[in-house]
Amino acid sequence: PGSPGDVVRKAFLEQSTIFHPDRAAAGTPDDVRAEMRRRFQLLNEAYQVLGDARTRAAYDAAGAKGLEHLALLPNTMQDPAAIGRSVELLEKKAELERTARLIGSTGNTTINFNGVRMWKVFWVDTDKLLKAAHARQARRQQQQAARAAEFQRQRDESRAAFEAEQA
């Protein structure tokens, strides 16, 4: 993280001369060639991330998932700090959604981003966003519990009326 581009490029070129599959000697076993291809592919992927400031900022913010979130950001966003904050917010959103699925929520949480509001999100305290999301979730669960209790009460009344008729 934070490596200057020329250092990253120099390291990539040094390592690629070692692990490039075409550099293997003629009698090199197939399993060694396969390992060289695998390592060269990993090296190339690392260079793709570290060699570009945008992808490096996304990776630094959330690891491999940050690269997935990078596709959701506008290409005009070039500031690594802004990219990092955006990716962190998107990862928190994804974590909230995963948590909601784990606790069996039947409600939906929708977070929309548009061009104008996107920039305002950076100045919003993320704790407030999380507390609001948890409060909405708690309200939904209370409403579901109330509906279930009402349904149970109506069912019990119907059953009692039916038994009274039968008697």
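What share of contacts in the protein chain between residues at least 6 apart in sequence join residues at least 24 apart? I looked this up before anything else. The share is 49%, with contact meaning heavy atoms within 4.5 Å.

**Ground rules.** I am working on a predicted model, where local features need pLDDT of at least 70, side-chain atom pairs count only at pLDDT 80 or more, and totals for chains, interfaces and linings use all residues. I number residues from 1 along each chain as its sequence is written, and side-chain values use heavy atoms, with hydrogens and water left out.

**Overview.** I find seven helices and zero strands in the protein chain. Helices (H or I, at least four residues) and strands (E, at least two) are DSSP runs, numbered from the N terminus. The order from the N terminus is α-α-α-α-α-α-α. Of the 167 residues, 23% count as buried. Buried means under 20% relative accessible area, exposed over 50%, and partly exposed in between (1.4 Å probe, protein chains only).

**α1 with α2.** Two packed helices are described by the angle between their axes and the distance between the axes. I took α1 (residues 5-19) and α2 (residues 30-50) as my opening pair. Their axes come within 10 Å and cross at roughly 170 degrees. α1 is therefore roughly antiparallel to α2. Axes are lines fitted to C-alpha atoms, for helices over the stretch in contact, and angles run from 0 to 180 degrees between N-to-C directions. Angles under 35 degrees count as roughly parallel, over 145 as roughly antiparallel, 65 to 115 as roughly perpendicular, and the rest as oblique.

I listed who meets whom. From α1 come Val8, Arg9, Phe12, Gln15, Ser16, Ile18 and Phe19; from α2 come Met36, Arg39, Phe40, Leu43, Asn44, Tyr47 and Leu50. By class, this contact has nine nonpolar, three polar and two charged residues. Ala, Val, Leu, Ile, Met, Phe, Trp, Tyr, Cys and Pro count as nonpolar, Asp, Glu, Lys and Arg as charged, and the others, Gly among them, as polar.

**Ser16.** Is Ser16 buried or exposed? Its relative accessible area is 11%, so Ser16 is buried. Beyond its neighbours within four places in sequence, Ser16 touches Phe40 and Leu43. I also checked Asn44: it is 28 residues from Ser16 in sequence, and 8.1 Å away from C-alpha to C-alpha. The Ser16 side chain reaches the backbone oxygen of Leu13 at 3.0 Å.

**α3 with α5.** Next I turned to α3 (residues 53-62) and α5 (residues 80-102). Their axes come within 8 Å and cross at roughly 40 degrees. The two helices are therefore oblique to each other. On the α3 side I noted Ala53, Arg54, Ala57, Ala58, Ala61 and Ala62; on the α5 side, Pro80, Ile83, Gly84, Val87, Glu88 and Glu91. The classes here are eight nonpolar, one polar and three charged residues.

**Inside α3.** Which residues of α3 are buried? They are Arg54, Thr55, Arg56, Ala57 and Ala58. Their cover includes α2, α4 (64-70) and α5. Gly63 follows α3 and has a positive phi, near 70 degrees.

**Ala61.** Ala61 lies in α3. Ala61 has a relative accessible area of 25%, so it is partly exposed. Leaving aside neighbours within four places in sequence, I see Ala61 in contact with Gly84, Val87 and Glu88. Ile83 is 22 residues from Ala61 in sequence and 8.4 Å away in space, C-alpha to C-alpha.

Conventions:
A polar contact is a pair of N or O atoms within 3.5 Å; within protein, one must be able to donate a hydrogen and the other to accept it, and residues adjacent in sequence count only if both atoms are side-chain atoms.
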